[in-house]
Amino acid sequence: MKRIVVLISGRGSNMEALVRCCAAESWPARVVAVISNRPDAAGLECARAFGIATAVVDHRAHATREAFDQALRDAVAAYAPDLVALAGFMRVLGPAFVQAWSGRLLNIHPSLLPAFPGLHTHRRALDAGCKVAGATVHFVTEALDHGPIVIQSAVPVRPDDTEDTLAARVLTTEHLIYPRAVRWFVEGALELNAGRVRQRDGQAQCLMVPGTPAAGG
Ligand code: GRF
C-alpha cells in the first residue's frame with residue numbers, strides 16, 4: 001500500500017478527486033493525510049469527512065520561508081509518504097523540501113506548461129488569445145511550475161470565455177488527469193528518464209477534450 005499525502009490551500013476539489021478515485025478504482029494506495037497551509041481551507045473539512053487525518057502548517061506562523069519549509073517537511077515526513085501530491089497548494093516550496101521528496105512530488109497546474117507558470121493562468125491565456133488551454137500534471141523541481149510532464153489535458157478556448165468559464169472547463173479535466181497520473185505513480189507505471197516521463201504501458205499521456213468550433217472558423 002503506497003501512502004499519499006496531499007497538500008492543499010483551499011477548496012480541495014482535486015484532493016477530493018484523488019480520494020474518490022483511489023477508493024473507487026482500488027488503487028494500491030491510500031491518502032493518509034491532507035495538509036494545508038491555511039487553517040480555513042475548505043478541503044480540510046472534506047478530508048475529515050472522508051476520515052482522513054488533517055494537519056495545518058500555517059505559513060503566517062513562520063518568520064521565514066525556510067522555517068515554514070522545515071515545519072512543512074516535518075509535518076509531511078510524519079506520515080512517511082511514498083508520494084506527496086500538491087493539489088491547489090499555493091505556496092512556493094523551497095529547495096530543501098523539493099529535494100527531500102524529489103521524484104515523489106507531483107503538482108497539478110491549470111495551464112499547458114511550460115506556458116503560463118504562476119498565477120492567473122486563465123486570464124493570461126485569454127489575454128494572449130490562446131485557442132487551446134488545459135492543465136498539466138508534472139513532477140516538481142525547484143523551478144516554479146516546472147518539471148517533467150506526466151500528463152496534460154487540452155480544452156478549447158471559446159470566443160465568449162471569461163476567466164471563470166475557462167477555469168471551470170479546465171478544472172473538469174484536472175479531476176480526470178490528476179487521478180490518472182497518481183494512479184500511474186502508485187502502480188509503478190511511470191518512468192522518469194532525462195527529464196521526460198513515459199507511461200510504461202503506453203497509455204495516452206494527453207487528454208483532448210473536443211469542443212464546439214469557434215464561430216467563423
Ligand atoms: C486548481 O485549478 C489547481 O490546478 C490550481 O489551483 C486550483 C485548485 O483547486 N493549482 P482545488 O483546490 O483543487 O479545488
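Where does Ser 26 lie? Ser 26 is found in the loop between α1 (13-24) and β2, where helices (H or I, at least four residues) and strands (E, at least two) are DSSP runs numbered from the N terminus. The model is predicted, so local features need pLDDT of at least 70 and side-chain atom pairs count only at pLDDT 80 or more, while totals for chains, interfaces and linings use all residues. Residues are numbered from 1 along each chain as its sequence is written, and side-chain values use heavy atoms, with hydrogens and water left out.

Ser 26 has a relative accessibility of 59% and therefore counts as exposed. The terms are set as follows: buried means under 20% relative accessible area, exposed means over 50%, and partly exposed is in between, with a 1.4 Å probe and protein chains only. Along the sequence, Ser 26 and Arg 183 are 157 residues apart, yet their C-alpha atoms are 9.7 Å apart in space.

Ala 67 gives another such pair of distances. This residue belongs to helix α3 and, at 31% relative accessibility, counts as partly exposed. Between Ala 67 and Ala 17 there are 50 residues along the chain, and their C-alpha atoms are separated by 31 Å.

Helix α3 itself covers residues 65-77, which makes 13 residues. From its first C-alpha to its last it reaches 18 Å, close to the 18 Å expected at 1.5 Å a residue; the expected span is 1.5 Å times one less than the number of residues. Its buried residues are Phe 68, Asp 69, Leu 72, Ala 75 and Val 76. They cover an arc of only 130 degrees around the axis, so they are on the same side of α3. The arc is that of the directions from the helix axis to the C-beta atoms. These buried residues pack against β1 (2-8), β2 (29-36), β4 (83-86) and α4 (95-100), where contact means heavy atoms within 4.5 Å.

Next come the aromatic rings. A pair of aromatic rings is described by the distance of the centres and the angle of the planes. Rings of Phe, Tyr and Trp (its six-membered ring) pair if their centres lie within 6.5 Å; planes under 30 degrees apart count as stacked, over 60 as edge-to-face and the rest as tilted. By this rule there are two aromatic pairs. In one, the ring centres of Phe 97 and Trp 101 are 6.4 Å apart and the planes stand at 50 degrees, so the pair is tilted. Phe 97 is buried at 0% relative accessibility, and Trp 101 is buried at 7%. The rings of Phe 139 and Phe 185 have centres 6.3 Å apart and planes at 55 degrees, so this pair is tilted. It links distant parts of the chain, with Phe 139 in strand β6 (residues 132-139) and Phe 185 in helix α6 (residues 163-186), 46 residues apart. Phe 139 and Phe 185 are both buried.

Thr 121 sits in helix α5 (residues 121-127) and is buried, with a relative accessible area of 5%. Leaving aside neighbours within four places in sequence, Thr 121 is in contact with His 109, Pro 110, Ser 111 and Phe 116. Its side chain reaches the backbone oxygen of Pro 110 at 3.1 Å.

Pro 110 is also one of the residues that surround the ligand.

Definitions and conventions: Polar contact = N/O pair within 3.5 Å; in protein donor to acceptor, adjacent residues only side chain to side chain. Near = heavy atom within 4 Å.
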